[in-house]
Amino acid sequence: METESATRWLTDTEQCTWRTHLDVSRLLMHQLEKDLQPFGLTNNDYEILVNLSESAEHRMRMSDLATSTLQSKSRLSHQITRMEAAGLVVRVNCESDRRGLYAVLTDEGMELMRKVAPHHVASVRRHFIDLLPPEALAALRASLEPVANHLRDQRGKA
């Protein structure tokens, strides 16, 4: 941890960039969540449905799903319980590991994904993609990839 005298304070430009990033992140996620509400879904619900719909056999080990969605195992378990009650997923035992569980997308969950996905993509386009020219999107991706890679590496460290 840096001491007060060694702190590299943000420049005005850096501070403005950082705060703009925070604003965009919060506002965009809020808007995407708002656009999912008519379907009875949260951003977390949708992320889980996407992960399961894109997985082999529409299932994932609960521990892998927790890692993929950046949720604690406990929080994910509560989330899956709510989604099970809605008929979107079920938990099944792992044949190769008695302690392991899979979250499995139900037919009802897959049907909801097919219904919601076009609306979600339209929301992402309306509130993000279509507001930026292609060259800005490419520059943004190139700028954010090193940050994403660094943070992925940090996840594996204590």
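## Helices H1 and H5

In this predicted model, the axes of H1 and H5 come within 10 Å and cross at roughly 150°. Angles over 145 degrees count as roughly antiparallel, and H1 and H5 are therefore roughly antiparallel to each other. Their crossing is right-handed.

On the H1 side, the residues that meet H5 are Leu-28, Gln-31, Leu-32, Asp-35 and Leu-36. On the H5 side, the partners are Val-116, His-120, Ser-123, Val-124, Arg-126 and His-127. Sorted by class, this contact of H1 with H5 holds 5 nonpolar, 4 polar and 2 charged residues.

## Helices H2 and H5

Helix H5, which covers residues 107-127, also packs with helix H2, residues 43-53. The two axes come within 11 Å and cross at roughly 115°. Angles from 65 to 115 degrees count as roughly perpendicular, and H2 and H5 are therefore roughly perpendicular to each other. The crossing of H2 and H5 is left-handed.

H2 contributes Tyr-46, Leu-49, Val-50 and Ser-53 to this contact. H5 contributes Met-110, Leu-112, Met-113, Val-116, Ala-117 and His-120. The contact of H2 with H5 has 8 nonpolar and 2 polar residues, and no charged ones. Val-116 and His-120 of H5 take part here, and Val-116 and His-120 are also among the H5 residues that meet H1.

## Helices H2 and H4

H2 has a further partner in helix H4, residues 73-85. The axes of H2 and H4 are 11 Å apart, and the helices pack at an angle of about 85°. H2 and H4 are therefore roughly perpendicular to each other.

Asn-44, Asp-45, Ile-48 and Leu-49 are the H2 residues in this contact. They meet Arg-75, Leu-76, Gln-79, Ile-80 and Met-83 of H4. The classes in the contact of H2 with H4 are 5 nonpolar, 2 polar and 2 charged. Leu-49 of H2 meets H4, and Leu-49 also belongs to the contact of H2 with H5.

## The largest pocket

The largest pocket holds about 1100 Å³ of space. It is lined by 27 residues, and those closest to its centre are Ser-25, Leu-28, Met-29, Phe-128 and Leu-144. Leu-28 is also one of the H1 residues that meet H5.

Helix H1 (12-36), H2, H5 and helix H6 (134-155) each give two or more residues to the lining of the largest pocket. The most come from H6, which supplies 9 residues. By class, the lining of the largest pocket divides into 16 nonpolar, 7 polar and 4 charged residues.

## The second largest pocket

About 230 Å³ of space lies in the second largest pocket. Its lining consists of Leu-10, Glu-14, Thr-17, Trp-18, Thr-20, His-21, Val-24, Leu-144 and Val-147. Leu-144 lines this pocket, and Leu-144 is also among the residues closest to the centre of the largest pocket.

Both H1 and H6 supply at least two residues of the lining of the second largest pocket. H1 gives the most, with 6 residues. The lining of the second largest pocket is made up of 5 nonpolar, 3 polar and 1 charged residues.

Terms used:
Residues are numbered from 1 along each chain as its sequence is written. This is a predicted model: local features need pLDDT of at least 70, side-chain atom pairs count only at pLDDT 80 or more; totals for chains, interfaces and linings use all residues. Side-chain values use heavy atoms; hydrogens and water are left out. Axes are lines fitted to C-alpha atoms, for helices over the stretch in contact, and angles run from 0 to 180 degrees between N-to-C directions. Helices (H or I, at least four residues) and strands (E, at least two) are DSSP runs, numbered from the N terminus. Angles under 35 degrees count as roughly parallel, over 145 as roughly antiparallel, 65 to 115 as roughly perpendicular and the rest as oblique. A crossing is left-handed if the near helix is turned anticlockwise from the far one by less than a right angle, and right-handed if clockwise. Contact means heavy atoms within 4.5 Å. Ala, Val, Leu, Ile, Met, Phe, Trp, Tyr, Cys and Pro count as nonpolar, Asp, Glu, Lys and Arg as charged, and the others, Gly among them, as polar. On a 1 Å grid over the protein atoms alone, a cavity is a set of points where a 1.4 Å probe fits but cannot get out, and a pocket is an open set with protein on both sides within 12 Å along at least five of seven lines; lining residues have an atom within 4 Å of a point. Grid points are joined across faces, edges and corners, and a volume is the space filled by probe spheres set on the points.
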